[in-house]
Amino acid sequence: MKVSLDDYRAVSPPGSIDILRRMAEKLRSRKVLRISAHRKGTGVAEMLERHTPLLQELGVDARWEVIQGGEGFQAACQALYNLLQGEEDRFTEEMFQQYVQTNRENARGLPLETDVVVIHDHQAAPLVDARPQEGRWVWRCHLDVARPQRKAWAMLRQFVVKYDAAVFSLPKFAQRLPIPQFLIYPSIDPLSEKNRELSTGEIRSTLDRLGIPADKPILLQVSRFHRFKDPVGVIEAYRIAKKQNDCRLVLAGSPAEGEAGRRILAEMELAAGGDPDVHIVQLPESAEIEINALQRAAAIVIQKSTREGFGLMVAEAMWKGKPVIGGFAGGITAQLIYEVTGYTVNSVEGCAYRIRTLLNNPDLAAKMGEDAREFARHHFLITRNLGDYLALLTTLLR
Amino acid sequence: MGGKNGEAKHPFQFMACWELREMLGRRAADVPELLEGLEEVPLDSIYFHTHSYFLRHPYIAGPYPNDFANWAAIQLRDRVLGERLAVIDPFEAGDLEALRNELVTILDDHLSHVGSVPRVVFGEFFFFMQSRILAVPAGIKVRTLAELREGLERVDASAIYFHVFDALARKGRRRSDFAVWIEDGLGRKELAAKFSAVNPYATTLERVRRRLIALCDEAERAGSAS
């Protein structure tokens, strides 16, 4: 279904759509080219797919192109991805040559003669070597580069410094660079299947299908079953809280790939110990309605990550009016105003304590949920993200 | 001066605004580093952490009304410092340079009284940022007090921010744009003084809006009673 900007009037802050239209007036017919590595299956692709028609509706001549590359290029990009996020991997000289050469080949077929070019992430960063004299170039980094492997960052940096500006998702991702660095938070789409309003009937039938009774307060964590999301820690926190407050725990998500994924799932099942009030629900990432329904059915949403990128699941829960208890990691701290929209915690005990606080104070939980929704409305919706891009384009084209 | 029937010769045009956030790539892990940063960052960074805080929190106030106080109390877990920084009033400070001076003085004094310097352990570093404020016409022009009241009621909260906070801090004025227009455009000096007396830093943008609307209502009532 094609979504129009006016469809967002009902959900975005009052007057904000009109402001977007006025901001865009100065950018009318300006050519903006955005380049990423994937057309489907990633958060960046999802964002660009929704953004591009909205920018076009605002009068910006926006295009989205994707670079192509063979297996060697994909392997080089994957290794670089791991290294930039601080993991161990190998990035050989041969891989570097493949990486640069593939970008050179792509540059020949791309319409780079444009007012602004925005390159998303590391895969297409070397395209900047083909930049024409005219036009402004922005590198948009969606990765968590807070603690990159230094050699990998140094390699990428030689391209990044040739841009006119860089954009990161969190202040802690910013680097020492001689170009301006802007902060733009990622966003959620309130009209998507994952976030749209659901009827009570839809929520109930989804819970029935998943075999989750709605007879007691539901604690929910939605995330990949990965060590960094600390699902076992969530089960331990639930156990402590359960001594005083009857509740259910739902851990929904998909196992991480390979042996590590199987191991963490086994650990979760062991920790759950057959407790009928603990539900480990395996869902593919495409299960948007199910995730939406679970978030709406929950009394408290938990995101007890020990390591996290931005963690947009927090914004999704906030948008559904839920108080959130989050680990002190990544973008969770940017989304939760402590004691106002939720709590950040540093331990299992801290998580258990806050579960109790919220279950024992339903009025507080409701107020936090309301405030969380308002905070999400102003900061984490796609309309805010669009405005930030318009502001960025305006600033660059001055 | 005010024209016929309380109508200003020159209309007041509401401007909304959008903040583009720029990272300075500088951070602090303890009070000495915060102090050093405060002394060196551009004034737009002081502005970001003490003023546009209100733009980012138009409806909901955090525990304290500026980023420095929140960081000290929550991330550094130095509640005394958080409280001392929270009570700073930019309205009283006057301009951004004076505000910087006051912040530096508090940090310096705090350092001279603490035995050991706490450092971020579990919390986050302080990241210095700065604002780039883009003014955007809000599409509302008014010529009378009644129209101003109506405009205040329906304009985006960022316009309240732009005409009050931005006017006071970045344009270095002692009065908000509203107060200037009420006096110069409508010729209502007393009401302008009341608008000027509203301390916007004591509350949220939405409450500032409500207070300004209430002042318009009081003035209208007084006008119809006399």
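Colleague: Which residue in β1(B) stands opposite Gln181(A)?

Modeller: This is a predicted model, in which local features need pLDDT of at least 70 and side-chain atom pairs count only at pLDDT 80 or more, while totals for chains, interfaces and linings use all residues. Residues are numbered from 1 along each chain as its sequence is written, chains are lettered from A and ligands numbered from 1 in the order written, and side-chain values use heavy atoms, leaving out hydrogens and water. β6(A) and strand β1 (residues 12–28) of chain B run antiparallel and are joined by three bridges, where strands (E, at least two residues) and helices (H or I, at least four) are DSSP runs numbered from the N terminus and two strands pair if DSSP finds at least two bridges between them. Within β1(B), the residue opposite Gln181(A) is Met23(B).

Colleague: Which are the edge strands of the open sheet of eight strands?

Modeller: The order of this open sheet, with mixed pairing, is β2(A)-β1(A)-β3(A)-β4(A)-β5(A)-β6(A)-β1(B)-β2(B). A strand at the edge pairs on one side only, and that holds for β2 (61–66) of chain A and β2 (126–142) of chain B.

Colleague: Which residue is the bridge partner of Val167(A) in β6(A)?

Modeller: Strand β5 (residues 165–168) of chain A pairs with β6(A) in the parallel sense, over three bridges. In β6(A), the partner of Val167(A) is Phe182(A).

Colleague: Which three residues supply more of the area that chain A buries against chain B than any other three?

Modeller: Contact, taken as heavy atoms within 4.5 Å, involves 37 residues of chain A and 32 residues of chain B. The two chains bury about 3100 Å² between them, 67% of it on carbon and sulfur atoms, buried area being the accessible area (1.4 Å probe) that two parts lose on being put together, summed over both. The three residues that lead on the side of chain A supply 18% of the area it buries there, and they are Ile19(A), Arg22(A) and Phe328(A).

Colleague: Which element gives the largest share of the side of chain A that touches chain B?

Modeller: Between the chains there are ten residue pairs in polar contact, both residues at pLDDT 80 or more; such a contact is a pair of N or O atoms within 3.5 Å, where within protein one must be able to donate a hydrogen and the other to accept it, and residues adjacent in sequence count only if both atoms are side-chain atoms. The elements of chain A that give two or more residues to this side are α1 (16–25), β6 (181–183), α13 (362–379) and α14 (382–396). The largest share, eight residues, comes from α14(A).

Colleague: With which residue of chain A does the side chain of Arg21(B) meet in a salt bridge?

Modeller: A salt bridge here is a side-chain nitrogen of Lys or Arg within 4 Å of a carboxyl oxygen of Asp or Glu, and two are found across the interface of chain A and chain B. In one of these, at 3.5 Å from N to O, Arg21(B) meets Asp388(A).

Colleague: How many residues apart in sequence are the parts that Arg21(A) and Asp6(A) tie together?

Modeller: Arg21(A) and Asp6(A) form a salt bridge, their closest N and O atoms being 3.3 Å apart. Because Arg21(A) lies in helix α1 of chain A and Asp6(A) in the segment before that helix, the parts tied together are apart in sequence by 15 residues.

Colleague: Which strands stand at the edges of the open sheet of six strands in chain A?

Modeller: This sheet has parallel pairing and the order β9-β8-β7-β10-β11-β12. Two strands have a single partner strand each, so one side of each is left without a neighbour in the sheet, and these are β9 (278–282) and β12 (342–345) of chain A.

Colleague: Which residue in β12(A) is the bridge partner of Gly326(A)?

Modeller: Strand β11 (residues 324–327) of chain A runs parallel to β12(A), and four bridges join them. The partner of Gly326(A) in β12(A) is Thr344(A).
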